[in-house]
Amino acid sequence: MSEHEHHSLWKPYGQVLVALLVLTVVTVVAANFHFGTPWSDLVALFIALSKAALVVAFFMHVKGSTRLIKFAVWTGVIGIAIFFALTLSDYATRVITYVDAPRM
Amino acid sequence: MADAHAHAPGLAHHFESYEQQKESAFLGMWIFLAQEIMFFSGLFTCYLVYRVLYPHAFLVGSRELDWRIGAANTVVLLLSSFTMVVAVLGAKQGRRKMIVLGLLGTLLFGGIFLGVKVFEYGSKWEHHLVPGPYFEWHGDPSVGREVELFFSLYFGMTGMHALHMVIGMGIMLVMLPLAWRGKWTPQNHNFVEGFGLYWHFVDIVWIFLFPFLYLIGLSGGSSH
């Protein structure tokens, strides 16, 4: 295998690592902005999802894998989304919202 | 069939081809990881519910964590994911030294991460922030014992994450001598690549833990 081929194998992984490190800086910087509730959390969630997508697609080689593997990946992702959505449909929509209890 | 397999080292007799063997291995691994997502989602949903119920206590509790340590550990864990990729790349090319170096790098960064975690846990113990009878709160007086819930979740989630890393590092210690003896070939290195999937998954869990445990106190204003 030639030097060029070795180089081309390494390069995309290095680029993904750099992107992940940059996004780590971005999430820390974004945390210092006061976007308010729930926007700060949604921004942090979006950045974390982007980082996770990069790891899954490139480090875990799901990009370019078979449809069967992608189906198994989405099973987990959709499962947790349903879990969160149904939980929030209760706790985030209660009329009586809890305030922090007084010191006991 | 028997003849074909005699010329195919590393191909189990119940598979037609290397491709089929690989697909089976990775499908099984991804189903295991889907189960792992469900396992961690219980912890994350618990966090979500109590965060919604006690938003202020969570922001106050988060400020007791040092986000700089969390950020440094995030970088360490991302580097360990990269060295894991190196090990898998080495396995694909049948370069056993590259597998060994990749695994050693992953063990090194994993070890640094856990060492930092031990230091962090020790500091929380000294400040009486470990939930239980020893817990004492001397911070913001506007929050009561519900801040203890934040620390229960902090220790539960990071502890379960750290346990996954300890298990992963144990498996890597078993893999090292096997890799050195050349067990894995370009045709069959499914164990290395499957283990890589596990390690990257553990990295992804931390990608979500870092902002939602360490950073929420920075952005949430001091007001209620």
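This is a predicted model: local features need pLDDT of at least 70, side-chain atom pairs count only at pLDDT 80 or more; totals for chains, interfaces and linings use all residues.
I count two residues as in contact if their C-beta atoms, placed from the backbone, lie within 7 Å.

Residues are numbered from 1 along each chain as its sequence is written, while chains are lettered from A and ligands numbered from 1 in the order in which they are written.

**Interface of chains A and B.** I looked up the contact between the chains and found 42 residues of chain A against 44 residues of chain B. On the side of chain A that touches chain B, the elements giving two or more residues are α1 (3–31), α2 (39–59) and α3 (67–91) of chain A; helices (H or I, at least four residues) and strands (E, at least two) are DSSP runs, numbered from the N terminus. The largest share of that side, 13 residues, is from α3(A). By class, I record 29 nonpolar, 10 polar and 3 charged residues on the side of chain A that touches chain B. Here Ala, Val, Leu, Ile, Met, Phe, Trp, Tyr, Cys and Pro count as nonpolar, Asp, Glu, Lys and Arg as charged, and the others, Gly among them, as polar.

I find chain A assigned to domain 1 (1–61) and domain 2 (65–96), with bounds that come from an automatic or database domain assignment. The centres of domain 1 and domain 2 of chain A, taken over C-alpha atoms, are 22 Å apart. In the loop between α1 and α2 of chain A I located A:Pro38, which a cis peptide bond with omega of about -5° joins to A:Thr37. In the loop between α2 and α3 of chain A I located A:His61, which is not a glycine but has a positive phi of about 55°.

**Chain B, helix α4.** I checked helix α4 (residues 67–92) of chain B, whose 26 residues reach 38 Å from first C-alpha to last, close to the 38 Å expected at 1.5 Å a residue. The expected span is 1.5 Å times one less than the number of residues. Just after α4(B), I note a positive phi of about 65° at B:Gly94.

**Chain B, α4 with α7.** I find that the axes of α4(B) and α7(B) come within 10 Å and cross at roughly 165°. Axes are lines fitted to C-alpha atoms, for helices over the stretch in contact, and angles run from 0 to 180 degrees between N-to-C directions. α4(B) is therefore roughly antiparallel to α7(B); angles under 35 degrees count as roughly parallel, over 145 as roughly antiparallel, 65 to 115 as roughly perpendicular and the rest as oblique. The crossing of α4(B) and α7(B) is left-handed, that is, the near helix is turned anticlockwise from the far one by less than a right angle. I list 14 nonpolar, 5 polar and 2 charged residues in the contact of α4(B) with α7(B).

**Chain B, α6 with α7.** I find that the axes of helix α6 (residues 146–180) and helix α7 (residues 190–219) of chain B come within 10 Å and cross at roughly 155°. α6(B) is therefore roughly antiparallel to α7(B), and their crossing is left-handed. The contact of α6(B) with α7(B) has 13 nonpolar, 4 polar and no charged residues.

**Chain B, α2 with α6.** I find that the axes of helix α2 (residues 18–53) of chain B and α6(B) come within 10 Å and cross at roughly 165°. The two helices, α2(B) and α6(B), are therefore roughly antiparallel to each other, and α2(B) passes α6(B) in a left-handed crossing. I list B:Leu43, B:Cys46, B:Tyr47 and B:Tyr50 of α2(B) against B:Leu149, B:Leu153, B:Gly156, B:Met157 and B:Met160 of α6(B). By class, this contact of α2(B) with α6(B) has 8 nonpolar, 1 polar and no charged residues.
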